[in-house]
Amino acid sequence: MEGIFGYFLYIMRGSGTTLALTFGTFLFSVPLGILGAVGKVSGGKVLRYILTFYTWLFRGTPLLLQVFFVYYGLPFISPALTINSAFIAALLTFILNYTAYFIEIFRGGIESIDTGQYEASKALGLNYRQTMMHIIFPQTIRRIVPTTSSETVNLVKDTALVAVIGLSELSRSAKEIVTREAIITPFIIAAIIYLALNSVIMYVFRRIEEKNKIYG
């Protein structure tokens with residue numbers, strides 16, 4: 001039992017990177033995703049083209065390749081672009097990647113609202129900002145909660161990719177013990193921790209969904 005407990009503590013230290021990347025990415029990418037979605041829905045033509053290209057680029061290429069490019073590739077473009085911290089490079093890449101996904105999630109949610117809602121708001125004398133804040137966004141949130149929950153669960157699992165640039169996260173910590181001790185137990189412990197983290201995330205989003213559910 002002492003061995004298993006020791007493995008657990010070592011893997012949990014690695015999970016600090018997993019949690020920091022997850023919450024840091026979510027904290028920045030959701031607000032940026034909302035702004036980007038509004039820009040795609042109601043921005044000017046040039047802004048919509050830029051955002052469309054951005055989402056196409058980051059959703060159409062592997063996250064692993066993006067991590068490599070930001071950490072290893074940017075210095076070849078210019079030494080001034082070098083990011084010495086592997087964690088900062090990973091966080092920046094994850095924010096850029098997940099912002100692209102959240103832009104499309106929120107855009108789809110906004111565009112799913114019936115146009116009659118906008119017309120009714122206009123008839124009530126509400127301006128565009130008031131309409132979005134008080135009418136459109138509350139309905140959008142109710143519709144995108146399940147998709148956002150799934151994307152956040154994917155985010156937790158995607159953090160395992162940062163091991164390729166030397167960061168010791170949850171999966172890598174488990175692999176180090178497996179390589180050293182030639183046992184499979186650390187992988188089982190890591191799987192349980194992943195399941196626990198994602199269960200908490202799904203529970204939180206489920207409560208949000210229930211709280212915002214409209215009963216007819």
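Five salt bridges are found in this structure, which is a predicted model. One of them joins glutamate 104 to lysine 40, with 2.7 Å between the closest N and O atoms, and this pair ties together distant parts of the chain, since glutamate 104 lies in helix 4 (residues 86-111) and lysine 40 in helix 1, 64 residues apart. Both partners are covered by the protein: glutamate 104 has a relative accessible area of 14% and is buried, and lysine 40, with a relative accessible area of 15%, is buried as well. The pair also belongs to a network of salt bridges in which Lys40, Glu104, Arg107 and Glu111 are linked.

Helix 7 (residues 170-181) holds another pair, glutamate 176 and arginine 172, which are four residues apart and therefore separated by about one helical turn; the closest N and O atoms of their salt bridge are 3.4 Å apart. Here the side chains are partly exposed, glutamate 176 with a relative accessible area of 26% and arginine 172 at 29% relative accessibility. A further salt bridge brings together the side chains of arginine 180 and glutamate 181, at 3.4 Å from N to O. Of these two residues, arginine 180 counts as exposed, at 52% relative accessibility, whereas glutamate 181 counts as partly exposed, at 37%.

The surface also carries a nonpolar patch, formed by Phe5, Phe8, Leu9 and Met12, which together have about 350 Å² of accessible area.

Notes: Residues are numbered from 1 along each chain as its sequence is written. This is a predicted model: local features need pLDDT of at least 70, side-chain atom pairs count only at pLDDT 80 or more; totals for chains, interfaces and linings use all residues. Side-chain values use heavy atoms; hydrogens and water are left out. Patches are made of residues with over 30% relative accessible area and no salt bridge: like charges are joined within 9 Å, nonpolar side chains (Val, Leu, Ile, Met, Phe, Trp, Tyr) within 5 Å. Accessible areas come from the Shrake-Rupley method with a 1.4 Å probe; for residues, only the protein chains shown count as cover. A salt bridge is a side-chain nitrogen of Lys or Arg within 4 Å of a carboxyl oxygen of Asp or Glu. Helices (H or I, at least four residues) and strands (E, at least two) are DSSP runs, numbered from the N terminus. Buried means under 20% relative accessible area, exposed over 50%, partly exposed in between (1.4 Å probe, protein chains only).
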